[in-house]
Amino acid sequence: MLELTPRAEVNERKALRINPAKTCQPVGALYAALGVHGCMPHSHGSQGCVSFHRMFLTRHFKDPVMASTSAFTEGASVFGGGSNLTNACRNLFDTYDPEIIAVHTTCLSETIGDDLNSIVSAMDIPEGKHVVYCNTPSYAGSHVTGYANMIAGFVRHLAQGGGAESGAGGADAGAGAPAATDAGAPADAGATGAKGRGGPAARQLALIPGFVNPGDMREMKRLAEAFGINYTMLPDTSGVLDAPMTGHFELYPKGGTSVADIIRLGDADATIALGEVATFAAANELRKKCGVPETMLGLPIGVRATDAYVMALADFAQRDVPWTLEEERGQLVDILIDAHPYLDGRSCALYGDADTLVGLTSAVLEMGMVPKYVFTTGPHPEMVSRCEALFEEYGLQESCLAKAEADLFELHQRVIHDRVDVLLGGTFGKQIARAEDIPLVRVGFPIIDRYVHSYMPIVGYRGGMRLVEMIANALMDRFDRDCAEEEFELVM
Ligand code: SF4
């Protein structure tokens, strides 16, 4: 929806969102489930919901996204969808042979109050197979909340401590967390941050990425591998949604976290969770259930946030930072200095997911830019306080505005009144960019009108280099287009 008419006052709506910078919870839950190997995501609701969720992810990743549905009819909508889900899981195991089915709810099944715990507990799940679930009512939160809930669901239903056998599972693994496992952390866990599995080389890290692309997950893993760390990333959509063309359709691509590795997460020595909104629930669940202490960090976007991740890895590995990473960091700093004349003081508007926005705000401030507006539609006040702390640190508290539960309609009005040099966000800002003739750098989710983005990281030092390249090029292209003839130069 376009806001074409500048108004005397910006209209801040409380009860209505127009052009929100988010989508519904099950989209995130489905994405998380795709990051588990051999997993069939299952939408407990009507066929229309899962069609939308699959289409949305397919458009962003440009790869087919598989998921099944309980296919609610009028009867299920009135009397409950328990039998639909039970029949669906039986058919799925018989026909498509997944190792695990990850069920998420929808608005409809939440509204009628289907109790997934009761339904799944009563299922006859084949030996060695699993059914896990989470609640994703889409009238609350965002796709990032759904992603967070699904990862926490995997941990709650599968992770086991005490050297669990990887073949464990069966019906009980999917039937909800045993009460005893929720009783809290073992007495010796959490306080020391070490669970005594041997020296640094034998230690195991649980790595939980926020809502990011497969390319970002690959980069997060590469940084961990630079330290020689044994890790399990949950979820891991690399090798699933960026899998190579082989000429053969694979219902369950090679990538994804194995169920066995998720079960063993309870034996991890520590968790590093990247992105507070998306990963806190899972990290918290792993600590409560298995006593694995967590380090909560922001998404490693920009120099400082990547430094924090790299130092957390160094602490865990008990190793110095490898020269390769020092070299990359130095390259990024060099690039920031080179591009500074084109970035310093330039204003931008950022919109999208809360965790991504905190990272991007930090990164553009490092570039010398002014993030005049930082808008998320999700209910994430913690993003606002983190961004405001950054504004204050750079002396920009009077010039910048961070808002949660805001929409692109309001952002458009603000941009009309107080213009910015560049927009940073997903495809839904395209209408503002066109209407106001402002360059748009596509970053975040969803990006449904471009290619390759999901393969390329924005995290880590290399991701930082890419961000500088994208933003500086957008501004320099604009200068070339608009500058006077005598200022048009080959060398910039
Ligand atoms: S009905 Fe709810 S779960 Fe289904 S597509 Fe709409 S918002 Fe998403």
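The model is predicted; local features require pLDDT of at least 70 and side-chain atom pairs count only at pLDDT 80 or more, whereas totals for chains, interfaces and linings use all residues. Residues are numbered from 1 along each chain as its sequence is written.

The secondary structure of the protein chain comprises 18 helices and 13 strands, taken as DSSP runs numbered from the N terminus (helices, H or I, at least four residues; strands, E, at least two). The C-alpha trace spans about 75 × 60 × 45 Å along its principal axes. The radius of gyration of the protein chain is 23 Å, which agrees with the value near 23 Å for a compact globule with 492 residues; this quantity is taken over C-alpha atoms, and the globule rule is 2.2 Å times the number of residues to the power 0.38. Of the 492 residues, 52% count as buried, a class that requires 20 or more other C-beta atoms within 10 Å of the residue's own, with C-beta atoms placed from the backbone. Among contacts (C-beta atoms, placed from the backbone, within 7 Å) between residues at least 6 apart in sequence, 74% join residues at least 24 apart.

The largest nonpolar core has 138 residues, where a core is a set of buried Ala, Val, Leu, Ile, Met, Phe, Trp, Tyr and Cys residues joined through C-beta atoms within 7 Å. Helix α7 (residues 143-158) gives the most to this core, with 9 residues. Y147, I151, L205 and I471 have the most contacts inside the core. When residues up to four places away in sequence are not counted, I151 touches A32, I208, L234, P235 and A282.

D216 lies in helix α9 (residues 214-226) and counts as buried because it has 27 C-beta neighbours inside 10 Å. Beyond four places in sequence, D216 is in contact with P209, P457, I458, V459 and G463. D216 and V459 are 243 residues apart in sequence, yet their C-alpha atoms are 5.8 Å apart in space.

The axes of helix α14 (residues 354-366) and helix α15 (residues 381-393) come within 9 Å and cross at roughly 5°. Helix α14 is therefore roughly parallel to α15, a term applied to angles under 35 degrees. Axes are lines fitted to C-alpha atoms over the stretch in contact, and angles run from 0 to 180 degrees between N-to-C directions. In α14, A354, L357, V358, T361, S362 and L365 meet M383, R386, C387 and L390 of α15.

Technical notes. Parallel < 35°, antiparallel > 145°, perpendicular 65-115°, else oblique. Contact = placed C-beta atoms within 7 Å. Buried ≥ 20, exposed ≤ 12 C-beta atoms within 10 Å, placed from the backbone.
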